[in-house]
Amino acid sequence: MRLPGGLARRLLLRVLLFSLCFTVLASAVQLYFEYRREMRDIDTRLELIRVGYLASFERSLWDLNQEQLNVQLHGLADFPDIAQVRLRSADFNLVQDADDPRGPFRIERYSLAFQPPDGERRELGELEISIDLGAVYLRLLHGGLASLLWMGVFLCGLAVALSWLFHSLVTRHLRAMADFVRGLTGGDLGTELVLAKKRSGEEDEIDTVADALDGLRRALRAELRRREADRAALQSKRDELQRRVERRTASLRRAKEEAEAANRAKSRFLATMSHEIRTPLNGILGMAELLRAAPMGEQDRRRLQALSTAGEGLLAILNEVLHFAKLEDGASQPEPVDFSLRRLLDDVVTLLEPRAEDNGTCLRLRVDSEVQDACRGAEQFLRQVLSNLLANAVKFTEEGEVLLEVALLQSSEAGQRLRFSVTDDGIGLSAEQQERIFQRFTQASDEVARRYGGTGLGLAISKRLVQAMGGEIGVESLEGEGSTFWFEIVLAPGALPRTGLAVAQAPALDVLVVEDVALNREVAQALLERDGHRVQLAGDAGPALALTVARRFDLILLDMHLPGMTGLDLCRAIRSQSDGLNATTPIHAFTASVQPGMVRRYFEAGMQGVLGKPLRLDDLRLALAGVAWEPPSEAVEKGPLDHQVLETHRRLLGEHKLNELLASLWKLLDEQWPLLLDALRQDDAVEAASLAHRLAGSCRSMGLRGLGDCLGELEAAALAGASLVDWAEQLEQERAVAAERLKSALA
């Protein structure tokens, strides 16, 4: 007979388990009662001995009849389960042992005394009887095992019979139904459900389920036929729709590829334009700056001013286009800082007053007296929006008036909601122009574009910036009567920043300028020499390397686009020179490529700062001041943070991007730190050196100088074959110090 499975098997196992438990329990109860019976029998025999034998023992002992005592002892030893009988008295010590005692024993002692007819009762001795309980236990064990065996055999047979009966009546039919349902799910709707059982006059539950399943098969077959008919009717429509989808998908794919190609082309165009325009602009504006100090007539001075203004205008257009591209790519984020709102408004108005005077326009400022001066928000975004709106108002207003007004709309603990409005009485806008004026590369009309110029990006940038600050912007205008551009934002309460100090002129330094464009070399040399610095020039990497081998410089300015060797490779070559004269000399990138990704590469290559093109005199003096007043390297106690690197990152990348880069660095440390510690515990020099090298470069590039140097020393120790087991504690300390100091510096 095949062993049943499923429910029948589980039933069999449960019945067997119950049978086992019942058998054990029943056997235990039976064994208990047998034990009680045996103990009662022993007590009965002991009572018989006490009543029937003690008197004869006392008489024989009084008569000193040893032979009779031996006979009596032997008679007691023949009793069941008695292992030993011992008689102790002043005259005798007799022992009678039974065969093969097992133990344990139950010992009963009886005092023997005799009273003669003419005297007092006298103690004669003691009778000791040892009962062999081991024999009792053995009989109980044999009886219990036999009972357990026969009861177990009976119950197991009953369990098997019940299991087979359940399988025969239920589970085999359930298995057939399951196979039938699997056939239905597999698509077999033509096979009827037939059970291997005879139907009696009255249906049972199995028959009811079988009929329901077969009815389900018939319903599914009918539904399938109906769907086949519907499918045939829809096939032609589906084929047509598929062809349309394929055509549309191909069209969308081509459009996507074209859009991606256009975006790549835009990025290449912007990068090329940034470099190709900023490089000649550096020469134009630099020469204009140098000529300001030269003696010239009033007309030449006006021409120089016109040249400088044209260059600044071209730079403004370039910055506007690049800034809008950053906004479209989501690369520019609002950075909240504390600032003085009154000072910001005064700066913007003061900056545009000369242009307004040239147009004969009166520029006025009106601020609600309830507006708080100390604010916190995206100060740079706010400054740019106001500058764009005021510049537009001044440009399109001649012999008129432009009013910048700030009104308080709502004040709460979270901050103040302000409405900034710029009102002019210039050319105004029509209703149609107002609908599209905030679109990119859009101006009021072709006539306005020809007359006033511009990129058509100022208002589009302003809208993006206002939206980034969580506000809204709009315009109200009548053609020929003027316009009011307004926007509303919320500024949180802040603290007034301290007034910054002017950059003083640095003492004379030895500076190496590496630049392949002769005009740019001449501009940089003239600006540096005008402030008293000693300048050496190099047009490409070869002469630059020769100069750095020959002497030490206080500062090296490297162009990033040199013929034959990039500025990054040249920086690495200078740092790795065997003589090491300029191994620690500050090196600044002198480039038009100041995107965040590029700036990070400059610092990773070992540079300390970036000077953007066109070169500004104030930026140059600021960089020189940071080098000139830095204490000599041998006198500097290196701290855990390189504040110059952090400050340069903050100035070029902004607070938001700096925090993003530091968060990425700390995430890298969290991921790699357990691997490094594990390598140290296992004294794995190869893995420890690799991880330390990778982390040291990242830490140094982001200003974590102490941790980076410690990792660098670990790398050197690992490569030298030194023991690494003691490095973990030092690394943990340096990491904790770096985290604490970095938190304080950013706060």
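**Entry 1: helix α20**

I began at the end of α20, where G721 follows the helix with a positive phi near 85°. Before going on, I noted that this is a predicted model, in which local features need pLDDT of at least 70 and side-chain atom pairs count only at pLDDT 80 or more, while totals for chains, interfaces and linings use all residues. I also noted that residues are numbered from 1 along each chain as its sequence is written, and that side-chain values use heavy atoms, with hydrogens and water left out.

Helices here are DSSP runs of H or I with at least four residues, strands are runs of E with at least two, and both are numbered from the N terminus. I looked up the length of α20 (residues 705-719) and found 15 residues reaching 21 Å from the first C-alpha to the last, close to the 21 Å expected at 1.5 Å a residue; the expected span is 1.5 Å times one less than the number of residues. I then listed its buried residues, which are G706, L707, G708, C710, L711, G712, L714, E715, A717 and A718. Buried means under 20% relative accessible area, exposed means over 50%, and partly exposed lies in between, with a 1.4 Å probe and protein chains only.

**Entry 2: helix α7**

I asked what span the 18 residues of α7 (residues 341-358) should have. Just after α7, I read a positive phi of about 70° at G360.

**Entry 3: α13 beside α14**

I looked up how α13 (residues 541-550) lies against α14 (residues 567-575), and their axes come within 10 Å and cross at roughly 20°. That makes α13 roughly parallel to α14, a term for angles under 35 degrees. The axes are lines fitted to C-alpha atoms, for helices over the stretch in contact, and the angles run from 0 to 180 degrees between N-to-C directions. On the α13 side, A541, A544, L545 and T548 meet L570, A573 and I574 of α14, where contact means heavy atoms within 4.5 Å.

**Entry 4: positive phi in loops**

L64 has a phi near 60°, and L64 lies in the loop between α2 (54-62) and α3 (66-77). Is L64 buried or partly exposed? L64 is partly exposed, with a relative accessible area of 48%. E399 has a positive phi of about 55° although it is not a glycine, and its place is in the loop between α8 and β8. At 67% relative accessibility, E399 counts as exposed.

**Entry 5: the whole protein**

Last, I noted that the protein has 21 helices and 16 strands, and that 39% of its 747 residues count as buried.

Definitions and conventions: Parallel < 35°, antiparallel > 145°, perpendicular 65-115°, else oblique.
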